[in-house]
Amino acid sequence: MDTMHYFRVLVVDDEKDFLETIVKRLDKRGIGTEGALNGEKALELMREKRFDVVLLDIKMPGGMDGIETLREMKKIAPLTEVILLTGHASVESSIEGMKLGAFDYLLKPVKLEDLVTKLAQAFEKKEGQDQKIRSAKIKELMRFPGRVFQQEKEEEK
Amino acid sequence: MIEGKRQQDMETSRYTGLQRKIILLTLLVSLAPLIVLGATIYYQFAGMYRAKITQQITYRSRGLAQAVELFLKERTAILCSMADTHHFNEMIDEANLSRIFEIMNSRAGAFVDLGVIDGNGRHLAYIGPYDLKGLNYYQQPWFGEVMAKGVYISDVYMGYRRLPHFIIAVRRQEKSHSWILRATIDSGVFEGIVKAAQVGKTGDAFIVNKSGVYQTQPRFEGRILTKSKLETSSFGGGTTGVEKKNSEEKQILFAGTWINHGKWLVVIRQGVTEEMTGLFSTRNMEIAIVLSGILAIILMTVFTTRMTISRLRAADVKAGEMNAQLMQSDKLAALGKMAAGIAHEINNPLQVIVEKTGWMQDLLNEEELQQSKNIDEFRTSINKIEEHVERARKVVHGMLGFARKMEPHMEDVDINAVINQTIDLLGNYARINNITITSELSPDVPIIAADGAQLQQVFMNLVSNAIDAIGKDGRIDIKSRRMGPQIHIEVSDNGPGIPEEKQKRIFDPFFTTKETGKGTGLGLWVTHNIVEKMGGAVNMRSEEGKGTTFTVRIPIVIPEKK
Ligand SMILES: Nc1ncnc2c1ncn2[C@@H]1O[C@H](COP(=O)(O)OP(=O)(O)O)[C@@H](O)[C@H]1O
Ligand SMILES: [Mg+2]
């Protein structure tokens, strides 16, 4: 874990006992973690702060449906990787989630080691993406200064 | 099992009951008219025959009566004409009388003697073998009768030479006095006429007088001049047929005609049996035809009913099996849905337990707690919790294993290759337990579009179940072949088999006979679901002590051309 870069994770789950504990445990392992009990709260947090990876429970009763939350998240932060967590074999939702750009999905109960591995993979992917975009931006900037903003906007769609 | 047997017995008796009903009804409907027809023909025939026979013997009796009557009339007529053409004085001259006697006999014959009797009953002249001259007949009853009526014919009597005779006497009225011409007639001649009518084996003809005494010798039973058993009063005025049964219970028909002014009865007797032989053979033929008809109907009815019933039964069994299979599928689908729901409800608490114990473990690693004297106890407890959470997780994930892969990933699959992979994967494990796995894979099995991983899971489940069932030392046979639009794969083992009462439940989720922790009871359930999703079916045949065969039928789905 020492080799791992410091990264920020948002966990969204309506199970309070789970949420509290997972936040504490990830924090302890050097992963800056915050928790949200529902979709609205999560989106609020994402608007305020930047997260590298989101762990999203897609079967949350009441409020926003997991998939809907995912869609909104991708709008707010398209580069943030989302890992779906489900207690249910809701294949349809999982597949839809993957289509919407989720990194992967995990079936509860998940061991912390497995979870951390997945989070790290997601973070690496995101970093790679970031890297590519950054270098692309630099290239653009050098060739056509002033078009960078435009391109960024296109990507967000 | 006993339940099942009882039910089977009940089913069997239901079918045999139905069969009996159909057979009885069909037989009733088809045999009743045949029997009625047969009986009608039978009795009709008999009636017709009897009528014919009666008519026949009536004719015969009338014919005979006419012949006898003619004979009597002829003799009477000759006597009359002789009396009428001669005077009393001529007649008592025996030379004259002798000449007349000769003329008479040359004309008609059968006259034995001839005599003349005057009005006072004195026998004045006589020609014949007996010495009758001089006798006086005045006191004889016939004398009175002939004097009164003019003609008299006596009953038959035994003459002096022990020969049957009878007398004809006629009266001649000459002016104021009358005399009688009397002749004895040899009834042997007369008997000849009657005997000629005794035909066939049982046919008889005879004459009796009013009181039933035989006037001629009958062919059977009785002698001339003895009383017959015939009730003469039962014969009416004309020619009448009478039916009688004799001692041997045989039917005998009689027909009688009165002659000689109602003094004699000419009787024709005929045993029915002989005359009826024609009828009997016809009757026997009719009975034979009707009986063979009945036999044919019975055989056909039984045969066709049996066939119908067995077809019906087969159809019922098939329908029953299909129903059972549908019910099984429905049940499994419902159970699957429920299991998925339960899985969700269990997974969330499991996740919390995992996190909480994880947290506890994290904390145990902190400096201050390392010194606690119970630290090892805590560690073991936490490990145990984790172990059992893992166990629960396996069950739930196993249950969802199928559901999670509901959307099969289609690819080109060579089923034989998948089977071979399975054998490779499990081969080692089998070898350790001294279990031989052989395969007989038909090259006709085509490449199909299917989810290879799912099929792998199916064969893994079946083969590993077989290995588990055998335990040690045994063999497993895997066969694949193309059967029309399907591929059939058979996995057979020579393990202990599955007891009948458990056979129905093996596809149920969580049904296992293995030790806790070893079996989840999900293998066959998942197998069933996968195969059913593919449009196929899994079946099991098992005999206790012999082994078990699972058959997987998979429809051939041709892969799309790329
Ligand atoms: N080949 C076999 N021979 C005998 N019994 C079998 C065989 N296959 C399955 N069974 C029985 O069916 C039960 C259910 O099998 P399965 O659904 O695969 O669950 P599990 O293997 O976990 O017990 C087994 O426990 C066993 O009793
Ligand atoms: Mg099994």
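How many helices and strands are there in chain A? Chain A has six helices and five strands. Both are DSSP runs numbered from the N terminus: helices are H or I with at least four residues, strands are E with at least two.

This is a predicted model, where local features need pLDDT of at least 70, side-chain atom pairs count only at pLDDT 80 or more, and totals for chains, interfaces and linings use all residues. Residues are numbered from 1 along each chain as its sequence is written, chains are lettered from A and ligands numbered from 1 in the order in which they are written, and side-chain values use heavy atoms, without hydrogens and water.

**Chain A**

Read from the N terminus, the order is β-α-β-α-β-α-β-α-β-α-α. Of the 157 residues in chain A, 47% are buried (under 20% relative accessible area, 1.4 Å probe, protein chains only).

**Ligand 1**

Ligand 1 is surrounded by 19 residues, each with a heavy atom within 4 Å of it. Among the closest are Asn465(B) and Leu524(B). The table gives polar contacts, pairs of N or O atoms within 3.5 Å.

| Residue | Its atom | Atom of ligand 1 | Distance |
|---|---|---|---|
| Asp493(B) | polar side-chain atom | nitrogen | 2.8 Å |
| Thr513(B) | polar side-chain atom | oxygen | 2.5 Å |
| Gly521(B) | backbone N or O atom | oxygen | 2.9 Å |

Taken alone, ligand 1 exposes 530 Å², and the protein buries 92% of that (Shrake-Rupley method, 1.4 Å probe). Three elements of chain B each give two or more residues to the shell: α10 (452–470), α12 (523–533) and β17 (547–555). α10(B) gives the most, with three residues.

Terms used. Buried < 20%, exposed > 50% of the residue type's maximum accessible area, 1.4 Å probe, protein only. Polar contact = N/O pair within 3.5 Å; in protein donor to acceptor, adjacent residues only side chain to side chain.
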